[in-house]
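Reader: I want to learn how to read a structure like this one. Where do we begin?

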Protein chains: 2
Amino acid sequence: MLGKLALPEIRELIATEDYTTLRDVLNHWLPADLAALLGHLSAADRSQVFGLLNTHRAAETFEYLNLLLQDELLATLDDASAAALLNEMAPDDRTALFEELPKDSATHLMSLLSAEQQRVTHSLLSYGRNTVGRLMTPDYIAVKSDWTVKHVLDHVRAHGKDSETLNVVYVTDNHNHLIDDLRIREILLAPLHEHVATLMDHRFVSLLVTDDKRKAVGVFRKYDRTVLPVVDSRGFLVGIVTIDDVLDVAEKEATREIQRLGGSEALDEPYATTPLLVMIRKRASWLVLLFLGELLTATAMGYYEEEISSAVVLALFVPLIISSGGNSGSQAATLIVRALALGEVQLRDWWRVFRREIASGILLGTLLGCIGFARIALWSTVSDIYGPHWALYGLTVCLSLVGVVTWGTLSGSMLPFVLKRLGFDPATSSAPFVATLVDVTGLMIYFTVAMIVLRGAVL
Amino acid sequence: MLGKLALPEIRELIATEDYTTLRDVLNHWLPADLAALLGHLSAADRSQVFGLLNTHRAAETFEYLNLLLQDELLATLDDASAAALLNEMAPDDRTALFEELPKDSATHLMSLLSAEQQRVTHSLLSYGRNTVGRLMTPDYIAVKSDWTVKHVLDHVRAHGKDSETLNVVYVTDNHNHLIDDLRIREILLAPLHEHVATLMDHRFVSLLVTDDKRKAVGVFRKYDRTVLPVVDSRGFLVGIVTIDDVLDVAEKEATREIQRLGGSEALDEPYATTPLLVMIRKRASWLVLLFLGELLTATAMGYYEEEISSAVVLALFVPLIISSGGNSGSQAATLIVRALALGEVQLRDWWRVFRREIASGILLGTLLGCIGFARIALWSTVSDIYGPHWALYGLTVCLSLVGVVTWGTLSGSMLPFVLKRLGFDPATSSAPFVATLVDVTGLMIYFTVAMIVLRGAVL
């Protein structure tokens, strides 16, 4: 777009202190683009450019910045500018900022707010940290069922300025009970003299102010909404939640899930800003747990020490065998965890999945087994590392791979069902758990096959 | 809610053929709830219940169903009912259905549409499969800059019925060029006599009809929008995309990413409906690739065959060592892949991450190393499996763990940077790749440490 000078040209305008042109250029930018620009500037330039925006644009832009930059910019503002900015912010975004700030600065900034906004912020912060209450804004439009469409439109024109959205208005009774929601389209399409009551169908979805934030994500997704009303336990309308805040919650949840799949406790803070020792503690807990599980491999191997002594070649394939089991197991676990999360597969489908995965495991295991056998056969033509019994070793590796991969696939696909049935989140470290389980049991499969195949010849 | 009988009661009403009561009950349900109900019924009951809904409610409900159920229900309808249903559907949801159906049934269903809807569908299907064109609907409201607010509201009331959303209207010039977007709030808040031109700020974001769907996801996220206009290469307004369709795209993308992280090609179809052989082929490709990598472990172990013969105890800890390296590597890889995806970490931050991860690796490795040493020390008090040199073995395992975990953490955190720098998606199997890499190199670290520590005493 025309107004979008590239970053070097913006830096040039800052360097030459040509603030008139700069302000002119930035006036054509959208708040999200301004926020992206601020992210690319040095701290000094950032504060300079931010100072050029009028309060309204500054607040809009500020809401797009991440917490680190919000914090940094707030520190550069005098109390009067900070007060103006904070008073202009949407209450839900302001709550999100306050709940992340250290208590001292939150208290100080809170004292800068107008009495009205202090009251709003106090009331929002009074809800539990993970509740819908922390996501909502009390700025919405409520109408009465005996109003005409014209009355509604006049009311919106007079009082809608501060409402977070005008896409939906809410119908309440005289006690502020929520009795219906009306999309603005229904209002706009109706004749002006029509009464709200005739537009109502009493079918609406609402959130409870004490609901878990994650539940809100599911409700938005199920009903394809962009905004939902929030009621308290008595059914009184107390606020609305918009989809942008819910998407932020969904993104954080996805991060937690992915981090757990990767075998780590959820960091719950950005990687870059998590203090090193906190991060190490969160990573250590899972690593140690998995390590304690893996210690069993040393025990299992100990049982077969004699076999290894008589046929050292057996030891050479241990990493290959257990990693193949682990790979097929975490592959299956990941597929099933995701299918469960998306609802493509239900708990009651476990038997169908079981049969599918047995078939997949046997086929995949046979494929890898054949490659393994071929590798040993080929190698034995150029080297005598495997000795005269190379074919028996090849057979051992091949059959073990069929067994280990089938077993890995099965345990990988069934563990998520078991975890879900027990009421746990199936994503919780399914993949690394499966790998550890399959490592230990894979060794037992391998040495058992070896003892059967090699009996008499080598062992 | 009052109207929500539980599933058994619904089944009872179907069984007793009390369709009047059933229709009454269902009339109080939201389309999303009706869709969920249909998903829980048997095929026969489903078709029965679906038949009770009027065309408008049926179409709304139908849009919430997944492709399998849509397909099944369509097959039970006669041509007249199918035509009524399809003509009533939103064009974007209809396009999504047609593009998934087999060509034959798509052609047949297309012929049932009204001439107008056939034209619309043909034009939407003419865009490439992964483009924004396939997501959009041509039903929007366009206004002119010289209209008054009253004119706009009258126009919306007369022509807005078919528009997918009335939350935003678009300002076009006489040649249908898009020149601005106006949120309905700006219209609703303005005096009736005001002109559209005075409300315009010429700051708008639009998508190109040939843009990749995934790009649309990023634009919606960056600008916090619920609907965006779509223009062709000449800047002509051709349609709008709403956030519900974009969220579906985002969910599919997340699934692809998670499946790749789990070491599988993306299935691109629901787990339950992917044909077994297709699924096995997609899973086999990665498993075989990783297996070929793991074959190097057998080669690496071969080099140390002599050491293993002289000290079989060494073999017992091989699974422990390599899995610890693998676990720490995939943990680090997952954290960094996610941080890169969220923009918390940039390519240029690699050196900072490198130093953080070296520190994490050494600390985590030392922790596991100490546990490993303690385990060997304890065991040697009750068993003589490790012989008189147990302390040397303990030291070997401990030092190797420090080395392998540090190396695993480093490679896990650096590989995503390398992949991203080379232009690949860092999520592409980073975790399993790292595990394979660390398995091979971990063995070399372990045996090198063993040769140094055990020289003279055991080797």
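Author: Begin with helices. Helices (H or I, at least four residues) and strands (E, at least two) are DSSP runs, numbered from the N terminus. Here, Lys420(B) sits in helix 21 (residues 390–421) of chain B. This is a predicted model: local features need pLDDT of at least 70, side-chain atom pairs count only at pLDDT 80 or more, and totals for chains, interfaces and linings use all residues. Residues are numbered from 1 along each chain as its sequence is written, with chains lettered from A and ligands numbered from 1 in the order in which they are written.

Reader: Why does Lys420(B) count as buried?

Author: Count C-beta atoms, placed from the backbone. A residue is buried if 20 or more others lie within 10 Å of its own, exposed if 12 or fewer, and partly exposed in between. Lys420(B) counts as buried because it has 20 C-beta neighbours inside 10 Å.

Reader: Which residues is Lys420(B) in contact with, leaving aside neighbours within four places in sequence?

Author: Contact means that two C-beta atoms, placed from the backbone, lie within 7 Å. For Lys420(B), the partners are Leu340(B), Leu347(B) and Pro426(B). Leu347(B) is 73 residues away along the chain, with 7.7 Å between the C-alpha atoms.

Reader: How many residues of chain B are in contact with chain A?

Author: 86 residues of chain B meet 86 residues of chain A. Helix 16 (residues 276–303) of chain B gives the most to chain B's side, with 15 residues.

Reader: How is chain A divided into domains?

Author: Domain bounds come from an automatic or database domain assignment. Chain A has domain 1 (7–129), domain 2 (142–250) and domain 3 (293–454).
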